[in-house]
Amino acid sequence: MFSSILSTATAGQMSAATALACTGVSLVLGLIIALVYMSHGVCTKNFVITLTLLPAMVQIVIMLVNGNLGTSVAVLGAFSLIRFRSVPGSAREISSIFFAMAIGLATGTGYLLFAAVITVILNLVMLLLCHSPFGEQKPRSRSLHVTIPENLDYPLVFEEIFAAYTKKHSLERVKTTNLGSMYELSYNIVLKNVDEEKALIDAIRCRNGNLPVICGRPQTVSESL
């Protein structure tokens with residue numbers, strides 16, 4: 001069972017050794033979180049420094065609150081102001097910030113061993129997921145953009161081609177271009193055979209009068225939460 005090193009402390013009192021131990025562990029665990037974050041993606045120096053210091057800062061705040069209801073409400077308001085003044089981040093950044101804050105909460109309440117174990121486990125899981133194909137787009141999925149003249153009936157013009165080369169397809173967007181004389185069609189498709197991508201594009205070019213055709217991997221709309 002995990003136990004807190006603050007459990008034996010009397011209310012309103014804390015030794016310097018205990019406070020320094022909690023702060024030291026917070027800084028070490030924050031550094032580990034930052035190093036793991038740096039190892040699996042692009043990052044900025046400011047964000048890495050923030051991840052390193054965040055557990056210690058949260059731990060200090062938790063120790064200062066120490067069960068005081070009025071102080072807790074004030075701290076909650078301060079965190080809310082910081083949140084609304086911050087720039088929205090990616091899902092990876094937000095999850096790392098919550099991770100660092102959770103470690104700070106654990107060390108702030110004295111559960112140093114628990115914080116260390118959780119840091120090791122979650123970082124290992126994070127590394128495993130980042131270096132595995134989990135969550136990646138299927139390689140046969142494509143985003144297709146086709147330009148056609150206005151005289152073509154776009155709902156059915158490519159149905160035969162899609163039936164021959166794709167497992168499934170869906171028309172996502174129709175946009176007029178060139179002062180309304182052309183349509184730009186955006187499809188999400190799943191190819192039957194990746195090697196037939198060029199044949200699909202050539203067939204579409206024959207049907208749309210050799211107007212522009214763009215085919216590529218589907219882009220994620222956003223990584224932000």
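Biologist: How much accessible surface does the protein have, and what share belongs to carbon and sulfur atoms?
Modeller: This is a predicted model, where local features need pLDDT of at least 70, side-chain atom pairs count only at pLDDT 80 or more, and totals for chains, interfaces and linings use all residues. Residues are numbered from 1 along each chain as its sequence is written, and side-chain values use heavy atoms, without hydrogens and water. Areas follow the Shrake-Rupley method with a 1.4 Å probe, and for residues only the protein chains shown count as cover. The surface is about 14,400 Å², with a carbon and sulfur share of 65%.

Biologist: What percentage of the residues is buried?
Modeller: Buried means under 20% relative accessible area (1.4 Å probe, protein chains only). Of 225 residues, the buried share is 28%.

Biologist: In what order do the strands of the sheet lie?
Modeller: Strands are DSSP runs of E, at least two residues, numbered from the N terminus. Two strands pair if DSSP finds at least two bridges between them. S2 (166-177) and S4 (213-216) are the edge strands, each pairing on one side only. The open, antiparallel sheet reads S2-S3-S1-S4.

Biologist: Which residue of S3 is the bridge partner of lysine 168?
Modeller: S2 and S3 (residues 182-191) run antiparallel, joined by 10 bridges. In S3, the partner of lysine 168 is valine 190.

Biologist: At what angle does helix H7 run to S4?
Modeller: Helices are DSSP runs of H or I, at least four residues. Axes are lines fitted to C-alpha atoms, for helices over the stretch in contact (heavy atoms within 4.5 Å). Angles run from 0 to 180 degrees between N-to-C directions. H7 (residues 197-207) lies across S1 (141-149), S3 and S4, and its angle to S4 is about 160°.

Note on methods:
Buried < 20%, exposed > 50% of the residue type's maximum accessible area, 1.4 Å probe, protein only.
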